[in-house]
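This report is written for a reader new to the structure. Please look over the sequence and the model before reading on.

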Amino acid sequence: MSATIIDGKKVSKNIRETLKTETAEFVQKTGVTPGLAVVLVGNDPASAVYVRNKHRACEEIGFYSEVHELPEDTREEDLLALLDRLNADPKIHGILVQLPLPKQIDADKVIRKIKPEKDVDAFHPENVGRIMLGNYHFLPCTPAGVMALLDAYGIDPAGKDCVVIGRSNIVGKPQAFLLLERNATVTICHSRTADLASHTKRADIIVVAIGKPRFLKADMVKPGAVVIDVGINRLPDGKLCGDADFEPITELASAITPVPGGVGPMTITMLMKNTLTAARESVKAD
Ligand code: NDP
């Protein structure tokens, strides 16, 4: 079998086109331009690239966008004060603080400071709770991107055995809930899971998000399974690779996401979707 390669770039492009049209209609109808503020603290080069890409995506879709670049030694209270101003700013519907933050800043405090209705990353405890209750406006961008890819390729998780490897608050845990919400039977594996392969080998859908290059081998995958690779790892030669051993798995899986070009492009697209949702909700609230 040769797996279908799930094309995240193509799906992402289609969703962005739709968002562009919907944004133009929204602006025309309400006079409100959706606005996103992205805050970057410090000089992490990967974070700087993500922030630039987010700004570019905003421009492409027709959003107003602000980037706040703060120095590495920014004091926590100064960042919190900036968030207060952004929370109160009517031009801004979505606020995103790029993680990780320098060590003098408590990321939890920062996440809690963002007004839940502007929390387009969906990391605020209120939004996390809403996801658990199935009563949400925003979904965390990466797991939402995974669900959008499954939908785009007609892969219905209902009734399927799904294994999520990784239990972080930003990917693994919410991913498991989203699959559960779509009626999958979900197993969450992590670094303390005994005999991880015994779980993955019976899975119809595997989502791997651990940050270990080519960790998931072909002999851990059931023939015909779908493999969604969230991992982004930089190899010593500078190339990117995922958490799944891509080529051998394509021989037996029914579908797989490549890295790069799979889940990655979907994350920013889902952020754009959340920003438009935030702007829509703000108009309803007025
Ligand atoms: P974290 O480091 O926060 O979490 C990693 C998870 O993997 C933990 O739950 C850990 O288990 C588990 N894990 C680590 N090693 C193993 C192992 N050997 N076997 C089983 N489980 C293991 O990572 P994130 O969730 O933030 O990110 C995961 C990957 O996804 C990274 O490569 C990251 O770059 C990528 N990523 C990609 C995004 C995209 O847009 N495509 C967005 C976000 C992340 P335990 O809890 O027991 O320690």
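## Basis

The model is predicted: local features need pLDDT of at least 70, side-chain atom pairs count only at pLDDT 80 or more, and totals for chains, interfaces and linings use all residues. Residues are numbered from 1 along each chain as its sequence is written, and side-chain values use heavy atoms, with hydrogens and water left out.

## Helix H1

Helix H1 covers residues 8-30; helices (H or I, at least four residues) and strands (E, at least two) are DSSP runs, numbered from the N terminus. H1 has 23 residues and reaches 32 Å from first C-alpha to last. Glycine 31, which follows H1, has a positive phi near 75°.

Among the buried residues of H1 are Val11, Leu19 and Phe26; buried means under 20% relative accessible area, exposed over 50%, partly exposed in between (1.4 Å probe, protein chains only). The buried residues of H1 pack against helix H2 (45-61), helix H6 (141-152) and H10.

## Salt bridges

There are twelve salt bridges in the structure, each a side-chain nitrogen of Lys or Arg within 4 Å of a carboxyl oxygen of Asp or Glu. One of them joins arginine 16 to glutamate 60, with the closest N and O atoms 3.7 Å apart. Arginine 16 lies in helix H1 and glutamate 60 in helix H2, so the pair ties together parts 44 residues apart in sequence. Arginine 16 is buried at 15% relative accessibility, whereas glutamate 60 is partly exposed at 41%.

Notes
Expected span 1.5 Å × (residues − 1). Contact = heavy atoms within 4.5 Å.
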